[in-house]
Amino acid sequence: MRVAGRLLALVVLTLLATGTANSAEPVLSQSQIDKLLLHGPWPVQWDRDPSNRVSGNPNAIALGRDLFFSPKLSGNGKMSCATCHHPGRGWTDRLPQGLGTTKLDRNTQSLFNVRLNRWFGWDGQNDNLWAQSIRPLLDPKEMNASAGHVVKVVNGDPELAEAYENVFGAAPDTANLELTLVNLGKAMAAFQETIVSGRSPFDAFRDALAKGDEKAASAYPAAAKRGAALFFGRGNCTFCHTGPNFTNGEFQDAGVPYFLGPGRVDKGRYAGIGKLKASKLTLAGDYSDDPAKTGAWKVRGVRALHRNFGEFKVPSLRNLTQTAPYMHNGSLATLEDVVRHYSEIDVERLHADGTRVLAPLHLNDREVKDLVAFLESLSTG
Amino acid sequence: MIRTIITGAFCLGLSTSATWAGACGAPDTWHTLTPEDQTSFKAALNLGANTPTVGAPFDVELQVCSTGSKSLDRLSVDATMPAHKHGMNYQPQLSRTGEGQYKATGFLFHMPGHWKITVSVYSDGAPSHLSMDINVP
């Protein structure tokens, strides 16, 4: 793969040399290609969630889909999970901040590739998808329901009740509301695990470089190639947006203000860790179906650090063209806004010592457009 | 006093065909840690066959031995990115697997670049440190 990468570096240079007005301009160096190749192949292999015994179960997926789209689960009977996570809107709502019973503080995250997450929510307050599926149901600002209400709805619907019994081997247990709610969360998680993004133009380019396929590599737009050179080069975007899913799955202060109003701040990861540690629904808890508690290392080992204040989850960069607006508070409307934010970032408000992870890039207009072109190439539509 | 590691190695049933030229009698495929300060201990660390991948959890094995009469009270292991002056988001969990042998689970390097793994050994209340550098692509 490394030899092929070197050959392609030469090819990429040659193609540019014979092409455009910027004919003497190098595009991707070998170092950049080496980093680029680490961001694939796509799709990645995925194994069923051992903490969820119905992960991958077709009947559970079907039940989870019905629950996901049912407004009856919400307190007012009008709001389903799909109200905010709309399949036609990139599995989000395209609003700056979500709207439940009231306007929320954070942007609704897309569910594309959610099964690959290590942490769930902008603050990572859950370490698994089934717990995260339950959270909005019970939040008075979101779906404003209770375990009793949700279980009553399922039990009172003959089709849902039958589907539940088919999946879990018994009727919904109204005497153990928490267990029944967790089971419903597991069915919804099983459905959400099927929401995956397809291959993008970047993936085709990446694989072409890996194979030494000159013709296929040449199909990738020149602007996106220049953007890739920035992304994998002096932009240092791969400090955080790394791997095939373009995220390290962790948290970062990206210089986006977290003051919500007079006397109110969004504490981000700092608050999320607090909620995680207080939760019964973690991978270390009794509701995990994994006897080995494989994923429990996260909740057991995660550190609560001062720098977590104001840190938010590093999102995947896949399918961004479908999931505007951006950042944890939806404050940036377009990808160009995002790139300009990083280009002119105010490092004084970032609490960091040592070499800056984030530093202003001072991109010119063409470089901004090139980086946007690269980001757009990570999307399938 | 910690007994020599060779005894511990045989107790684990490890292959006697391995080359045991590393620190504390560890296989020479292990990394010998470099003392950061005056220490009466040596240590070797095993990362396994592959360099850690950014964003993927991994475990390490440790062998620690005394070079003199000092006894080991306790030890800890951690990692930092010296250039960025930050550590990992997770505290590795350490367990003893034999005489002078340990396993540390729950490492995760969340950024590419230069990391430093540091083993801190405590004897008579005084710490000393041994480390190794690793570059993660």
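The contact takes 17 residues from chain A and 17 residues from chain B, two residues being in contact if their C-beta atoms, placed from the backbone, lie within 7 Å. On the side of chain A that touches chain B there are five nonpolar, eight polar and four charged residues (Ala, Val, Leu, Ile, Met, Phe, Trp, Tyr, Cys and Pro count as nonpolar, Asp, Glu, Lys and Arg as charged, and the others, Gly among them, as polar). The model is predicted, with pLDDT of at least 70 needed for local features and 80 or more for side-chain atom pairs, whereas totals for chains, interfaces and linings use all residues. Residues are numbered from 1 along each chain as its sequence is written, and chains are lettered from A and ligands numbered from 1 in the order in which they are written.

Within chain A, the axes of helix α3 (residues 58-68) and helix α8 (residues 177-192) come within 7 Å and cross at roughly 100°. Helices (H or I, at least four residues) and strands (E, at least two) are DSSP runs, numbered from the N terminus; axes are lines fitted to C-alpha atoms, for helices over the stretch in contact, and angles run from 0 to 180 degrees between N-to-C directions. α3(A) and α8(A) are therefore roughly perpendicular to each other (65 to 115 degrees; under 35 counts as roughly parallel, over 145 as roughly antiparallel and the rest as oblique). By class, this contact of α3(A) with α8(A) has 11 nonpolar, one polar and one charged residues.

The buried residues of α3(A) are Ala60(A), Ile61(A), Leu63(A), Gly64(A), Leu67(A) and Phe68(A), where buried denotes 20 or more other C-beta atoms within 10 Å of the residue's own, exposed 12 or fewer, and partly exposed in between, with C-beta atoms placed from the backbone. These residues fall within an arc of 165° seen down the axis of α3(A), so they line one face of the helix; the arc is that of the directions from the helix axis to the C-beta atoms. Their cover includes α4 (81-84), α7 (158-168) and α8 of chain A.

Helices α11 (residues 222-231) and α15 (residues 365-376) of chain A pack at an angle of about 95°, with their axes 7 Å apart. The contact of α11(A) with α15(A) has eight nonpolar, one polar and four charged residues.

In chain B, five strands form an open antiparallel sheet in the order β1-β3-β4-β8-β7, pairing requiring at least two DSSP bridges between two strands. The edge strands β1 (31-32) and β7 (93-98) of chain B each pair on one side only. Five bridges join β7(B) to β8 (residues 101-107) of chain B in the antiparallel sense, and Gly98(B) stands opposite Gln101(B) in β8(B).
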